[in-house]
Amino acid sequence: MLDRLNQALEHIEAHLDEPIDVAGLARIAVTSEYHFRRMFSALAGLPLSEYIRRRRLTVAGAEVLDGGRTLLDIATRYGYGSGEAFARAFRAMHGVGPGEARRTGAALHSQPRMSFRIVIEGSSSMRYRIVDRPDFRVVGRKARVPLVHEGVNPAIADFIRSIGPDTSKRIAALADQEPAGIVGVSDQLDPSRAEGTELDYWHGVVTGADVPDDMDALDVPAGLWAVFDSSGPFPQALQYLWRDVFTQWFPSNPYASRPGPEILSVRVAEDGATADAQLWIPVERSAL
């Protein structure tokens, strides 16, 4: 899998001055466009579109300093419809306009070329199972929140506090299916997975019970799920669980992520120092 991802990166490098078809990159990696975007974001730490933009502006910056082409020719070559659009993007990355950079020989920023490899850290194994589930329903409360990659998401914390203990108890009482108890469900994420993009966040339970009038419901179709169990220091183990799934497990196993909600169940110890977490990711079979 990583070899194919690296072949897709080589394709990007060879076509920085052309439109890049993400579906074509996914075909090189022998996976779906959805999974390719997810894998790249998890491994690289930034969305695919942002990486391509930075690489183009890095190469364009070298051509600006070289002086062999006009600034308009460089702008057009790297996909900008006007000199003004190119200048804005150039300044956003390099901190200086292309004209000034050429006149003064200014120092520019560079986005290095990426390649992927697996680095095994620590000695703990990742416990997982594959579950073929019929359709089910999540019932609870829903909010639209911004995506935060690390640390506490303030919008989610505020949303959960706003529900109140009595309503939370009523939601918890509806739970009658796996994963048990209150779960956090992330759905309708932006394909780029960029920081600040929005998603639907559910504070609810998986249940076959009727939906109360004052609650929301999410119907989830049947399909395969990869279920990961993790235990360790809180919140560190929880924060790294999703990252480890995409940077270690997916590249080593014959599965790809598919569109659908991600479900996280967390049980924090009484002293707050450790936690048990279970993460459900919708998957489909794919060739290694």
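## A buried tryptophan

Let's start with Trp249, which counts as buried because its relative accessibility is 4%. Buried means under 20% relative accessible area, exposed means over 50%, and partly exposed lies in between (1.4 Å probe, protein chains only). The model is predicted, so local features need a pLDDT of at least 70 and side-chain atom pairs count only at pLDDT 80 or more, while totals for chains, interfaces and linings use all residues. Residues are numbered from 1 along each chain as its sequence is written, and side-chain values use heavy atoms, leaving out hydrogens and water.

## The chain as a whole

The chain has 288 residues, and 44% of them count as buried. Its C-alpha trace spans about 70 × 40 × 35 Å along the principal axes. You can look for 10 helices and 9 strands; these are DSSP runs numbered from the N terminus (helices are H or I with at least four residues, strands are E with at least two).

A contact means heavy atoms within 4.5 Å. Of the contacts in the chain with a separation of 6 or more, 73% are between residues 24 or more positions apart.

## Rings that meet

A pair of aromatic rings is described by the distance of the centres and the angle of the planes. Rings of Phe, Tyr and Trp (its six-membered ring) pair if their centres lie within 6.5 Å; planes under 30 degrees apart count as stacked, over 60 as edge-to-face and the rest as tilted. The structure holds 13 such pairs. One of them joins Tyr128 and Trp249 edge-to-face, with 5.0 Å from centre to centre and 70° between the planes. This pair links distant parts of the chain, since Tyr128 is in strand E1 (residues 127-133) and Trp249 is in helix H10 (residues 236-252), 121 residues apart. Tyr128 is partly exposed, because its relative accessible area is 38%.

Phe136 and Trp225 make a tilted pair, because their ring centres are 5.6 Å apart and their planes stand at 55°. Here too, distant parts of the chain are linked: Phe136 belongs to strand E2 (residues 136-146) and Trp225 to strand E6 (residues 223-233), 89 residues apart. Both Phe136 and Trp225 are buried.

Each of these two rings also has an arginine over it. A charge sits over a ring if NZ of Lys or CZ of Arg is within 6 Å of the ring centre and within 35 degrees of the ring normal. The charged end of Arg133 sits over the ring of Phe136, 4.4 Å from its centre, and Arg258 lies over the face of Trp225, 5.5 Å from the ring centre.

## Helix H4 and Glu63

Helix H4 covers residues 48-66 and includes Glu63. The expected span of a helix is 1.5 Å times one less than its number of residues. For the 19 residues of H4 this gives 27 Å, and its end C-alpha atoms are 27 Å apart, which agrees. Several residues of H4 are buried, among them Leu48, Tyr51, Ile52 and Glu63. Their cover includes helices H1 (2-14), H2 (22-28), H3 (33-44) and H5 (71-77). After H4 comes Gly67, with a positive phi near 80°.

Glu63 counts as buried because its relative accessible area is 14%. What does the side chain of Glu63 make a polar contact with? One partner is the side chain of Arg77, at 2.5 Å, and another is the side chain of Tyr78, at 2.6 Å. A polar contact is a pair of N or O atoms within 3.5 Å; within protein, one must be able to donate a hydrogen and the other to accept it, and residues adjacent in sequence count only if both atoms are side-chain atoms.

## Two nonpolar cores

In soluble globular proteins, nonpolar side chains tend to be buried together. A nonpolar core is a set of buried Ala, Val, Leu, Ile, Met, Phe, Trp, Tyr and Cys residues joined through side-chain atoms within 4.5 Å. The largest one has 49 residues, and those with the most contacts inside it are Leu5, Ile12, Phe36, Leu48, Phe86 and Phe250. H4 gives the largest share of this core, 6 residues. Another core, of 14 residues, lies apart from it and includes Leu147, Ile156, Ile171 and Met215.

## Backbone details

The peptide bond from Glu178 to Pro179 is cis, with omega near -5°. Pro179 is in the loop between helix H9 (165-172) and strand E3 (183-187). Val30, in the loop between H2 and H3, has a positive phi near 55° although it is not glycine.
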